[in-house]
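Let's walk through this one together, helices and ligand included. Have a look at the fold, then read on.

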Amino acid sequence: MQCPGRIWRHCCSRTRRRNLEKISIRFLLKKAVGANKDKYEIEMKYHDYSKWSERASQWVRTYFETLRDQPVRAQTAPGEIAARLPIAPPEQATDMETILEDFERIVPEGMTHWQHPRFFAYFPANAAPASMIADQLTNAMAAQCMLWQTSPAATEIEQVMVDWLRQALGLPDGMTGVIQDSASSATLSAVLTMREQALGNSGNQTGLAGRERVRVYTSAQVHSSVDKACWVAGIGQDNLVKIETDGDFSMRASALQAAIDADRAAGLLPAGIVLCTGGTSMGACDDLPPLLGIAKAEGLYTHLDAAWAGSAMICPELRHIWAGAERCDSIVFNPHKWLGAQFDCSVQFLADPTPQLSAMALRPSYLETQGHDEITNFNEWTVPLGRRFRALKIWFLIRAYGLEGLRGRIRNHIAWATELHDKLAGHPDFTIITGMRFSLFTFQYTPQDADPDEKTAELLVRINNDGRIYLTQTLHNGKYVIRFQAGQFDCTRDDVMMAYDVITELAQ
Ligand SMILES: Cc1ncc(COP(=O)(O)O)c(C=O)c1O
């Protein structure tokens, strides 16, 4: 077919030109509609959701069925995956089948598999299947849950879920809370609250320049999110006082008291204490009662980081480890770590939300809810305004497995990790460096006449290149040690025992 441009050039009479003009416009319109029709046919529509969701679910099913055969840690080199993607974005729509095939071809082998039953590194980030389904529903509604009125069910279910978890962890009636994205955000909220409490709620208004130096106390066993919170809150690393620990790696109460006294004498402003139950490196737990006694006597705000070990507190027999937690002003624990809620999901309990609201709440006119001044708008409890509907996955999780089902998993993880600990302790070439804390211990490879740090680091590389298990390292009292924790939702005793075979086989 001739193109309209060529027809135009060969005509002369005015009538013919007008007629051709009409034809030409019709042709162009038809062409445009035709092209768009193809384009729109390719584009994925909402009514195609179940088709592609079914296709994705099939992939998920195969993924979990074959996961044990995959290396746990990604075996790709830096830049390898990026090199498989086009440099520029596509101008035209791509059909979903091609997109999913590309996903299957490129992505899984470039992933470290956090849901692998032999993921023994860091701490777990579990995704129990029932919580994955909840998140799928959340994704479909894609609600912005910043205010009660922008999603009443999300706010109200969040209130109930925080209370279910409060009961599950044995915390006192009356403690309330909020679901955040991460423990880092909850700790930042608590540190901002400490700062504002100490400054009489004037820091947000005046800024910190020229003000008293606000001091926060913690131990070297807490997670680096505490350091970051002090940076972001304008308190500064120099004003985060790391108190020495005793033989059990709990903050030493006498050293805390001495530091507070010295700071007051120097005209500095003590604001709060960050405590931990289950520190990241080797699971350190502060002995809370004497430290909380000092906090109460000194009028200091307290925040307890139990991001990982908080989940274990659903087991009543473990609660003695955080005895006193009920007296903390703020506690964070991540159901997305050990409990099984799909990442991300971090619960911050508050003895009284008022101080945090004083430090955090802003209500411009465009965020007012007509006629409902008293309702809970969770954005006022946290730094970000926008928030996902995270409570749904807790609701699904607790109902689908029951607290007994969740407790059973945690008890198994601890029992199996202890069994592995005991086996390694009995091996002549291995030394336990820090003993069992919940399901975590650390060890070194210590064959005779060799540098244990060097040997341990080399062994770790061999283990993770092998891929059957995944372990990570930390420095403990200057020693390079391997951490072992069991906590993946689907992990079995055989998976944990395989770690012994892999570790001892690759040590030779
Ligand atoms: C004890 C502890 N606190 C805080 C964090 C930070 O958690 P998030 O990634 O939720 O900020 C971690 C992370 O592993 C942790 O182990």
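How do the axes of H14 and helix H16 (residues 493-507) cross, and within what distance do they come? They come within 9 Å and cross at roughly 20°, with axes being lines fitted to C-alpha atoms over the stretch in contact and angles running from 0 to 180 degrees between N-to-C directions. That makes H14 roughly parallel to H16, since angles under 35 degrees count that way. The crossing of H14 past H16 is right-handed, that is, the near helix is turned clockwise from the far one by less than a right angle.

Before going further, keep in mind that this is a predicted model: local features need pLDDT of at least 70, side-chain atom pairs count only at pLDDT 80 or more, and totals for chains, interfaces and linings use all residues. Residues are numbered from 1 along each chain as its sequence is written.

Back to H14 (residues 391-425): a straight helix of 35 residues would span 51 Å at 1.5 Å a residue, but H14 spans only 42 Å between its end C-alpha atoms. H14 also has a kink of about 85°, centred on Gly402 (the angle between axes fitted to the seven residues ending there and the seven starting there).

Another pair is helix H7 (residues 183-198) and helix H9 (residues 224-232), whose axes come within 9 Å and cross at roughly 50°. H7 and H9 are therefore oblique to each other, and H7 passes H9 in a right-handed crossing.

Now the ligand: 14 residues surround it, the closest being Ser182, Ala183, Ser184, His223 and Ala307 (C-beta atom, placed from the backbone, within 6 Å).

Note on methods
Helices (H or I, at least four residues) and strands (E, at least two) are DSSP runs, numbered from the N terminus. The expected span of a helix is 1.5 Å times one less than its number of residues. Angles under 35 degrees count as roughly parallel, over 145 as roughly antiparallel, 65 to 115 as roughly perpendicular and the rest as oblique.
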